[in-house]
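Subject: Structure handover

Hello,

Here is the structure to go with your copy of the sequence. My notes follow below it.

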Amino acid sequence: MANSVLFVKYADNQPVKIKTLYEKQGVRREDPLLDVADVIVAVQQALPSKLGAIDPDELTLHCVVDGVEGPALEPDYLISNLTAGVTAKTALVIKSRRDMEVFRPFDPTSYRLAFPFFVSPDCDEHLTLLGRDEVVRRINQVIDNRSGWPKYMPFIISTSRGMGKTFLLKTIGSQRLKQELKSPFFVEAAALGRVLSFDFGRIPSAVTGVSEASSFPKRLMVYYLCRMFGGSIVDGLHFQDSEFSAITDVDARQPKFKGWLSKVLALSTDQVIDEYVRLTNIAFGVSCGTPPVFLLDEIQLLCGRTNIVSRFGNQGPQYHTYLSILLTQLAIFQKPVCICAGTNDGNLLSLTEYTSIVPEILSLTTLSAKNEYHTYWAQMTNFASSKLSRPLEMEGDESLINALVYASYQIPRLLLFAHQTWASLRASGTYNREFFIQTFETEAVKFYPEMADIWLSYSTEDLAHIILACSVHHVVKIDSTVPGTQIPWRTLTRNALVFPYLDGCYVFPYGIVWNAKVTSPGKATKKAVEDRCRELVPNLEIQDLFVSYDRLCAHDLYNLGLAYESLFVSSLAVKYYLQLVQFGCADVCLSDIYDLDDEEADGKTLMSDLIVNFSDGISIPAVEKAREFPEHAITHHKLIHNAHYDIIIPAKINNN
């Protein structure tokens, strides 16, 4: 068999010479090249940097006759039949299938807003945003005053895991809101492809150093331009889609696009914003100066300290975090909106204390209003029913639903698990009420393993104080510590052991934690914690502070009243104890215990006249104490059915 020579060209490169019998340096091939498939493999080997990573099945060979490229040759077409390719001028052309993509002008009617990095349950599209009206109103209010911002004002949403922060970002970005909550700024940004979202939990490698933090906004904008315009032509540029991790090195085929990409990545952030606006204006046929919106999730991963000094303060140099460096890149004249969300890890709220940024801090709480979680349950039921042959019915099942809602503490993610438990077990014909609660709590601990591991992580003393503080809606500051401990509240929210409730209070999921199976001995036990609470507040039963829905429903009218009496007495004694721990004074003004504000002036005035001392906790006498009752304890006659006074609160008149 005679040796033949073929010339094959790839893209704009010079043709390469392929010998059918010999490889380089006269080494004879083990198998001579016989057909098109053999030639494709040989060309791949000759051009490893350009074609080596491409699957041979994605490559095709074409003849060019009189300057016209012909169709792809069949893989089994014999080389001996070829008339083209025998000279450099008649070189065969090798292509990958992506080279044959046809770039067409961008069609704005085909654009759909997407959140490629946000992973959410399928039900999200069937739910409305609940319990977040004030958060959205505050965001809209701040955005409406963008022109008057004295410094750059990013939004920082700090909360516990599972509180619906990703869902909030999506609904704001897409403006899937009630009409009165919609913002013209966001509506315009969403319509013009200017809503950019990212989840650092999905790609934590996106920012691993100072340079990545500085360049992140630019890289994200380039990524979204390539994603939005991928396969299309905008301003003469042939945009190609790319993974975010490869956005700085897109394997572009058009020299003009290559040059544009290289140039734009070298620009400053404000210049890239201008370019983003320019290209989207061209693509959508508008003239609009609205800058991009950045929606960033899981930002606690960027709160590590860098060695970049932000400003020297009274206590020495203050250092940037990766997040503050990133946000500083957005502190430019266009004032792009940036909403960040994450779990609090201590640096989250103070990340910009010494920079040119003034963050607007927001928090997400549990769905505390009945109409909120009832609406949520109804919407989830409609979604679940759409996938079943027989619709689910809420009517007649209110008692079980309320028990599950109560057990979830109205924490959004736990509400989801509660509904999924109810829907799946009801659809399977299960009616054992206790099994519903147990199944739900098992699912809750799978998502929040911290709740079962709490016994391994904290001492008896610490757990007793955490439970006491959360049991009575004790008002705290996120950067303070739990009374009686050195544990910052922010650590507990980060670890999803407490959850923001209302007005600076936190809720502890007592029922789930107490019922979780403990697999190995830890620092504390349930009995030890209960006993310690009883020592700190004499005669306290912590079960009286965390009454289950089923336990309440099981009471007759008398015992129901007794349960509420016990709740009142126990919470008052605990509130007093927390005041004593924090301020060290045994005599406390009753109005301070209840932390009344000026809007409750009448109650505050009345209580301000009373000084109490409950240092002996709760007294539960077996015989009625109508006159000679303890001076430093709340007397509760819960053991006496016909007592004249159910509760006696000793107090002195405030002489001040």
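Helices α11 and α12 are roughly antiparallel to each other, a label given to angles over 145 degrees, with under 35 counting as roughly parallel, 65 to 115 as roughly perpendicular and the rest as oblique. Helices here are DSSP runs of H or I with at least four residues, strands are E runs of at least two, and both are numbered from the N terminus. α11 covers residues 398–408 and α12 residues 412–427; their axes are 8 Å apart and the packing angle is about 150°. Axes are lines fitted to C-alpha atoms, for helices over the stretch in contact, and angles run from 0 to 180 degrees between N-to-C directions. α11 passes α12 in a right-handed crossing, where the near helix is turned clockwise from the far one by less than a right angle (left-handed if anticlockwise). On the α11 side Leu400, Ile401, Leu404, Val405 and Ser408 meet Leu414, Leu415, Ala418, Trp422 and Arg426 of α12, contact being heavy atoms within 4.5 Å.

The model is predicted, so local features need pLDDT of at least 70 and side-chain atom pairs count only at pLDDT 80 or more, while totals for chains, interfaces and linings use all residues. Residues are numbered from 1 along each chain as its sequence is written, and side-chain values use heavy atoms, with hydrogens and water left out.

α6 passes α8 in a left-handed crossing. The contact involves Ser214, Pro217, Lys218, Met221, Tyr224, Leu225, Met228 and Phe229 from α6, and Thr269, Val272, Ile273, Tyr276, Leu279, Thr280, Ala283 and Phe284 from α8.

Gly285 follows α8 and has a positive phi, near 65°.

Next, the interior. A nonpolar core is a set of buried Ala, Val, Leu, Ile, Met, Phe, Trp, Tyr and Cys residues joined through side-chain atoms within 4.5 Å. The largest one has 175 residues, of which Phe200, Phe216, Phe239, Leu296, Ile339, Trp422 and Trp489 touch the most other members. Helix α6 (residues 210–229) supplies the largest share of this core, 11 residues. Another core, of 23 residues, lies apart from it, and Leu6, Val39, Ile40 and Leu51 are among its members.

Gln175, in the loop between α4 (165–174) and α5 (184–191), has a positive phi near 60°. At 5% relative accessibility Gln175 counts as buried. Lys335 has a positive phi as well, near 50°, and sits in the loop between α9 (322–330) and β14 (337–343).

Thr166 belongs to helix α4 and is buried, at 17% relative accessible area. Beyond four places in sequence, Thr166 touches Phe118, Ser120 and Asp297.

Regards

Conventions. Buried < 20%, exposed > 50% of the residue type's maximum accessible area, 1.4 Å probe, protein only.
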